[in-house]
Amino acid sequence: MLGSIIGDIIGSRFEFHNIKTKDFFLFDKSCRFTDDSILTCAVAEHLTSKQPIEETLYKWALKYKNRTYENGKIAAFGKGFLQWVNTGISINSNSNGCVMRISPIFHIKQDQQTLLQKADEITKITHNHPESLNAVHAYLETGFMIQNLIPIKQIKETISNKYQYNLHQSLDEIRPNYNRFYVQCKNSVPQAIICALNADSYEDTIRKEETIDGDSDTLACMAGGLAELRFNIPKNIITKAKKYMDKDILQLIEQFYNI
């Protein structure tokens, strides 16, 4: 979960200013947490407080949807998600918003089938498209295999075959034709998984992700959630990232990991 939020913060400033290089300062005055971090916190609160997921998603959305940051930017949510906030009607979305918030599941001590069922419940609230459910399962099963120390080659083969994701691509193959407007699950979740599986550290994961462009904050959020499971997040990165979080997010993170 913390890996997702830090990835979101680092990637935020590149969302519309892609760089295609690993050579950049991790943190900058224009970094911020986005809706990815906010809704990750909503899922974490649901999992630990037993409040209905609808309540926690709605609560965190209302808290932030009109909030302006010090740099003047607003905590923007996707149009589809705001439609759900305003109407309560589930949408047939296949965007990556269902995956960027799901990483708290990895830290819940229950059997994998139960966790996948929980993930379905969380996902269907706003993303009831088959592609969204496929992406959430692919992402979570990748993380479960990382936690179980399954070899990377085997993870790639299993997820590629089971979910029809080509995880055998290299970043060099992805990069030339990748588009910053790719937000559908099928065009962003495999790429985030590839970044995490091909890296040699948490920081390397985030830097690799930024080289392919795309929806930078969400890709880094998704990749960061998996990288947290593979690697230790350096303390200096955690310390710096916390400066960009507000008291509500910091408090939620502390409570979640303590539980």
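**Close-up views of a predicted model**

View 1. Beyond its neighbours within four places in sequence, E45 is in contact (heavy atoms within 4.5 Å) with K50, Q51, T56, K59, W60 and L252. E45 belongs to helix α2, residues 35-49; helices are DSSP runs of H or I with at least four residues, numbered from the N terminus. With a relative accessibility of 11%, E45 counts as buried, that is, under 20% relative accessible area with a 1.4 Å probe and protein chains only. The model is predicted: local features need pLDDT of at least 70, side-chain atom pairs count only at pLDDT 80 or more, and totals for chains, interfaces and linings use all residues. Residues are numbered from 1 along each chain as its sequence is written, and side-chain values use heavy atoms, with hydrogens and water left out.

View 2. Q191 lies in α10, residues 189-197, and is buried at a relative accessible area of 8%. Leaving aside neighbours within four places in sequence, Q191 is in contact with I174, Y178, K186, I212 and L219.

**View 3. Packing of helices α1 and α12.** The axes of α1 (residues 2-11) and α12 (residues 216-230) come within 6 Å and cross at roughly 150 degrees. Axes are lines fitted to C-alpha atoms over the stretch in contact, and angles run from 0 to 180 degrees between N-to-C directions. α1 is therefore roughly antiparallel to α12, the term for angles over 145 degrees. Residues L2, G3, S4, G7, D8 and G11 of α1 meet S216, D217, A220, C221, G224, G225 and E228 of α12. This contact of α1 with α12 divides into 3 nonpolar, 7 polar and 3 charged residues; Ala, Val, Leu, Ile, Met, Phe, Trp, Tyr, Cys and Pro count as nonpolar, Asp, Glu, Lys and Arg as charged, and the others, Gly among them, as polar.

**View 4. Packing of helices α7 and α8.** Helix α7 (residues 130-147) packs against helix α8 (residues 152-163) at an angle of about 160 degrees, with the axes 10 Å apart. This makes α7 roughly antiparallel to α8. From α7, N134, H137, A138, E141, T142, M145 and I146 meet I155, T158, I159, K162 and Y163 from α8. The residues of the α7 contact with α8 comprise 6 nonpolar, 4 polar and 2 charged.

**View 5. Contacts of Y139.** Apart from neighbours within four places in sequence, Y139 is in contact with S4, V99, I102, S103, F106, V189, I193, C221, M222, G225 and L226.

Methods: Helix = DSSP H or I, 4+ residues; strand = E, 2+ residues; numbered from the N terminus. Parallel < 35°, antiparallel > 145°, perpendicular 65-115°, else oblique. Buried < 20%, exposed > 50% of the residue type's maximum accessible area, 1.4 Å probe, protein only.
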